[in-house]
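Student: I would like to learn how to read a structure one feature at a time. Could you walk me through one?

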Amino acid sequence: MKKLINDPKSVVAESVQGFGLAHADLVTINEDPIYVTRKDAPVAGKVGLVSGGGSGHEPLHAGYVGRGMLDAAVPGAVFTSPTPDQILPATLAVNSGAGVVHIVKNYTGDVLNFETAAELAEAEGVSVRTVLVNDDVAVEDSLYTAGRRGVGGTVLVEKIAGAAAERGDGLDAVAAIGERVNANVRTMGVALSACTVPHAGQPSFDLADDEIEIGIGIHGEPGRHRIPMENADNITNRLLEPVLADLKVSSGDKVLLFVNGMGGTPLSELYIVYRRAVQVLADAGATVERSLVGNYITALEMQGCSISVLRLDEELTELWDAPVHTPALRWGM
Amino acid sequence: MVLDANWAVKWLTLCAQAMAEHRVELIELDRAIGDSDHGENMDRGFQAVLAKLGESTPETPGAALKMTAMTLMSKVGGAAGPLYGTAFLRAATALGDSAEIDPAAWAAALAAARDGIVARGKAEPGDKTMVDAWTPAVDAARAAADGGSTDVLGVLVAAAEAAEAGAVSTDPMVARKGRASYLGERSAGHRDPGAVSSALILRAAVGAAA
C-alpha cells in the first residue's frame, strides 16, 4: 500500500504540524504532548468543549476546533485513543472557569483515557461533564459487547453542543444538549474496501472485490455482516432501514440527513446515496430539513460511507444553523 | 535467586525486548479481530519504560512497577494503556516498599493487578480479553505459593505457564468486551492480543529470574 508519508512513526506529529501551519489563524498546536486548541482559548465565561480520539478520522476532531464548535481536540496515534497526559493539559488550557465538557466516542480505550483525565482535572478543581456518543445501530447486542460505537453522530454532537456553549449556556446545559443530540441520532455504515494503518502496512481486514461489509465502525475493524456487492440504492436502503427503525422515525418528523464518506469514496457517489436516502425518508413521511454531505469522519482511505439521521426540533435546528468557523466546517461567518 | 529491584529492572527490560520481538505478531492478531494497533502501542509503551529506567534506577520492585504504570498510562493509549497502567499500579501498591518479593507476595501482586484490570475494564473470565490470561495466572501463583513455599522461580514459572495456556484458551471464545466484541461470533477462532501480551509479560518475569 502506497502512502504519502515519511515515516509511520511520525505520521500524526507531521500531519498535526501541517494542520497548524495551514490554519494558524484559527488554532494553536501544542506539540508535546500533542493537542490543538482554539486560537483565543480560553474564551472568558464560556464552557470549554474538548474532544479527541485516535487519528485517521480527519477532519475529526482537530478540524472542528474553532468558533462555535470545539475548544480543543486531542489526537491519539492512528486508531488509538489519546492518553490522559494529553487530555488533561488540553482540558486545563480551555477552562475559563465555566467548566469543560468532554465529548467521547464510545470505545473502551477512549472511555478509559477520558475517564482518567476527567478525574485528574476534577482533582485540579475543574468541573468536567462527559457526553458519550453511541449512535451506531450496527451493534445489535449491546449487552454482550462494549456497547454501541460513536460514529457519524459525533460531528453533529460537536457542532450543536458547540453552538450551545458559544451562545453562553452553562456546563450542565451544554452537556444536556449534547446528550439530546446523541439520543436523537442514529448511524449505520458500509465499507467497500478496508483501510491500511500506516504502521501495520496491510489492510485492516480482507475484503474480496465483489464483497462489502455492512455495519462497520470507523477504525477499520470489520463489520457485522459481509454480503455480495449491490448497487447504491440497495445499499442505501440496507443502511437506512435499521437507522429509521431504531430512531422510530414517523410521519411528520423533521430530520437532518448526514451522508458521510469514509475517506476513499468520491463526493459524486455520496450524492447518489443522498439522493436515494431522501426518497426513503420521504416514503417514511419524514422531511429532510438540513443536510450534510462529505468526508467529515473518516477511516483513512477506506471506501464506503455512513448515513446518519438526526431528529430535529426547533432548538436543535437553530443551534445547527448558528455560525461556525473551523478549518473543516464554516458557515454564517 | 531473589526478586529484588535488580530483578524488576531486568524483568521490565525483557518485557521491552519481548514487545519489540512480538510487535508484528501482536499487530497481526489485532488486525484479525481489532484495529491493528496493539503491537505498536505496547512496543512504544515499553520503549518509554526503558528510557525511564535509563534516567534513574528504582530502589524497590514496587517503585519500578509504579514508574512502569505511570509511563504505560501516559504512552500507550487505547484500552491497553489504562488497563496495564492500572495493573502495574495495583501490583506496585500491593508490594509496598519491601526490598524483596517472596512467592506469597508475587501471588498477591498478581491478584491485585488482575483485580485492577477487572475494575477498569469490567471484563469477566470468558469474555476473550487479557483477564483470561491473568485469572489462571493468579490461581496458579496462589497454588504454587501455598503452604509458605520459598521457591520463587517455581511461582514465576507457574504463573507464566498458566497465562500462556489462558491466552490459548481464548481461541474459541466469542468476544464480549473490547473492540473484538463488535465482531460477535466472527471473533471466535482468533487469539486475543491482550491475553498474548499479558503472557509475554509474565514469561519475561521468569526470564529475569533465570
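Student: Where is A:His61 found in chain A?

Tutor: Happy to start there, with the reminder that this is a predicted model. A:His61 sits in the loop between S3 and S4 of chain A. A cis peptide bond joins A:Leu60 and A:His61, with omega about -10°. The loop between strand S3 (48-55) and S4 also holds A:Pro59, and the peptide bond from A:Glu58 to A:Pro59 is cis, with omega near 10°.

Student: Now backbone torsions. Which value does phi take at A:Phe79?

Tutor: Phi of A:Phe79 is near 60°, a positive value in a residue other than glycine. A:Phe79 belongs to the loop between S4 and helix H2 (84-93) of chain A. In chain B, B:Lys128 has a positive phi of about 65° and is not a glycine either; B:Lys128 lies in the loop between H6 and helix H7 (131-145) of chain B.

Student: Is A:Phe79 buried or exposed?

Tutor: Count the neighbours: a residue is buried if 20 or more other C-beta atoms lie within 10 Å of its own, and exposed if 12 or fewer do. A:Phe79 has 35 other C-beta atoms within 10 Å, so it is buried. B:Lys128 counts as buried too, because it has 28 C-beta neighbours inside 10 Å.

Student: And why is A:Leu4 classed as exposed?

Tutor: A:Leu4 is exposed because it has 4 other C-beta atoms within 10 Å. A:Leu4 is placed in the segment before helix H1 (11-22) of chain A.

Student: Next, helices. What span should H3(B) have?

Tutor: At 1.5 Å a residue, the 18 residues of H3(B) should span 26 Å, and the end C-alpha atoms are 26 Å apart, so the two agree. Among the buried residues of H3(B) are B:Met42, B:Phe46, B:Val49 and B:Leu53. The cover over the buried residues of H3(B) includes strand S4 (72-78) of chain A, as well as helix H1 (5-21), H2, H4, H5 and helix H9 (193-209) of chain B.

Student: How do the axes of H5 and H6 of chain B cross?

Tutor: For a helix pair, read distance, angle and hand. The axes of helix H5 (residues 80-95) and helix H6 (residues 103-121) of chain B come within 7 Å and cross at roughly 145°. The crossing of H5(B) and H6(B) is right-handed. The contact includes B:Leu83 and B:Phe88 of H5(B) and B:Ala109 and B:Ile117 of H6(B). By class, the residues of this contact are 14 nonpolar, 4 polar and 3 charged.

Student: Which domains does the assignment give for chain A?

Tutor: Domain 1 (10-184) and domain 2 (185-311). Their centres, taken over C-alpha atoms, are separated by 23 Å. In chain A, 23 residues of domain 1 are in contact with 29 residues of domain 2. H4(A) gives the largest share of the domain 1 side, 4 residues, and that side has 11 nonpolar, 8 polar and 4 charged residues.

Student: Last, how many residues of chain B are in contact with chain A?

Tutor: There are 27 residues of chain B in contact with 28 residues of chain A. H4(B) gives the most to the chain B side, with 3 residues. The chain B side divides into 6 nonpolar, 11 polar and 10 charged residues.

Notes. Residues are numbered from 1 along each chain as its sequence is written. Chains are lettered from A and ligands numbered from 1 in the order in which they are written. This is a predicted model: local features need pLDDT of at least 70, side-chain atom pairs count only at pLDDT 80 or more; totals for chains, interfaces and linings use all residues. Axes are lines fitted to C-alpha atoms, for helices over the stretch in contact, and angles run from 0 to 180 degrees between N-to-C directions. Helices (H or I, at least four residues) and strands (E, at least two) are DSSP runs, numbered from the N terminus. A crossing is left-handed if the near helix is turned anticlockwise from the far one by less than a right angle, and right-handed if clockwise. Two residues are in contact if their C-beta atoms, placed from the backbone, lie within 7 Å. Ala, Val, Leu, Ile, Met, Phe, Trp, Tyr, Cys and Pro count as nonpolar, Asp, Glu, Lys and Arg as charged, and the others, Gly among them, as polar. The expected span of a helix is 1.5 Å times one less than its number of residues. Domain bounds come from an automatic or database domain assignment.
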